[in-house]
Amino acid sequence: MFATLYLPNFYLQAAMRHHPRLRAQPVALIDPSHKKVAIIELNDAAEKVGVVKGMTPSQALARCLQVVIRTRERAQEKLIAEILLQHAFMLSPFVEATAPGVCTVQFTDNRQLIAKGSRVLGKLEKCEIRAHIGIASLPDASLLAAHLARPILQIDHPKEYLAALPIETLAIA
């Protein structure tokens, strides 16, 4: 079995981690190192006021003057990635840092996976990090489950589960 620990809006979480007052406000994240500066991630509050990925900061502010524009904080991203990796090792010694904000864990002991995952999620929450966990027999299926989890989703029969999903769902993973 595999579990994927996934941090939704990884870059935004890193930029907002030590700014709790921003959590209720619409926030959009940009990467100033890109040739065309555009929003790369945003929170739910920003989505609700009409901001979307790919907009320029001025377009986002035209939609809502209260939108807070933040830039990526690479030092915080590195720190959160390390915290995620350390917490993944609480589940199993077989861990891979798969992508920014994503760790894949292989289990040799498949008992109480949801309970183990819940404990890790609780510990991450204490670090002010929001995570999801997907559990499946294949690593790709666990990644998709992590994207769909709220906060934990275990897929016991991937073929049947995946067959029922719309094809657009595959674009999120």
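Predicted model: local features only at pLDDT ≥ 70, side-chain atom pairs only at ≥ 80, totals over all residues.
Which helices and which strand each supply at least two residues of the lining of the largest pocket? They are helix H1 (10-16), strand S3 (39-42), helix H2 (44-48) and helix H6 (139-148).

**View 1. The largest pocket and the residues at its centre.** The largest pocket has a volume of about 910 Å³. Its lining is made up of 32 residues, and those closest to the pocket centre are Pro8, Asn9, Leu12, Gln13 and Arg130. Helix H1 gives the most to this lining, with five residues. Sorted by class, the lining holds 17 nonpolar, five polar and ten charged residues.

**View 2. The open sheet of three strands.** The strands of this sheet follow the order S3-S2-S4, and their pairing is mixed. S3 and strand S4 (68-71) are the edge strands, each pairing on one side only. From one strand to the next, the twist averages 35 degrees. Strand S3 also belongs to the previous view, as it supplies at least two residues of the lining of the largest pocket.

**View 3. The pairing of S2 with S3.** Strand S2 (residues 27-30) and S3 run antiparallel and are joined by three bridges. Ala28 has its bridge partner in S3, and this partner is Leu42.

**View 4. Cys103 and the cysteine nearest to it.** The number of disulfides in the model is zero. Cys103 takes part in no disulfide, and the nearest cysteine sulfur, which belongs to Cys127, is 14 Å away. A disulfide would need the two sulfur atoms to be within 2.5 Å. Cys103 has a relative accessibility of 2% and therefore counts as buried, the cut-off being under 20%.

View 5. Gly50 is placed in the loop between H2 and helix H3 (57-63). H2, at one end of this loop, is among the elements that each supply at least two residues of the lining of the largest pocket. Gly50 and Cys64 are 14 residues apart along the chain, and their C-alpha atoms are separated by 7.9 Å. Are these two residues buried, partly exposed or exposed? Cys64 is buried because its relative accessible area is 10%, which is under 20%. Gly50 has a relative accessible area of 24%, so this residue is partly exposed; the class lies between the cut-offs of 20% and 50%.

Terms used: Residues numbered from 1 in each chain as written. Heavy atoms only, no water. 1 Å grid on protein atoms, 1.4 Å probe; cavity = no way out; pocket = protein on both sides within 12 Å on 5 of 7 lines; lining within 4 Å. Points joined across faces, edges and corners; volume = space filled by probe spheres on them. Helix = DSSP H or I, 4+ residues; strand = E, 2+ residues; numbered from the N terminus. Nonpolar A, V, L, I, M, F, W, Y, C, P; charged D, E, K, R; others polar. Pairing = 2+ DSSP bridges. Axes fitted to C-alpha atoms, helices over the stretch in contact; angles between N-to-C directions. Buried < 20%, exposed > 50% of the residue type's maximum accessible area, 1.4 Å probe, protein only.
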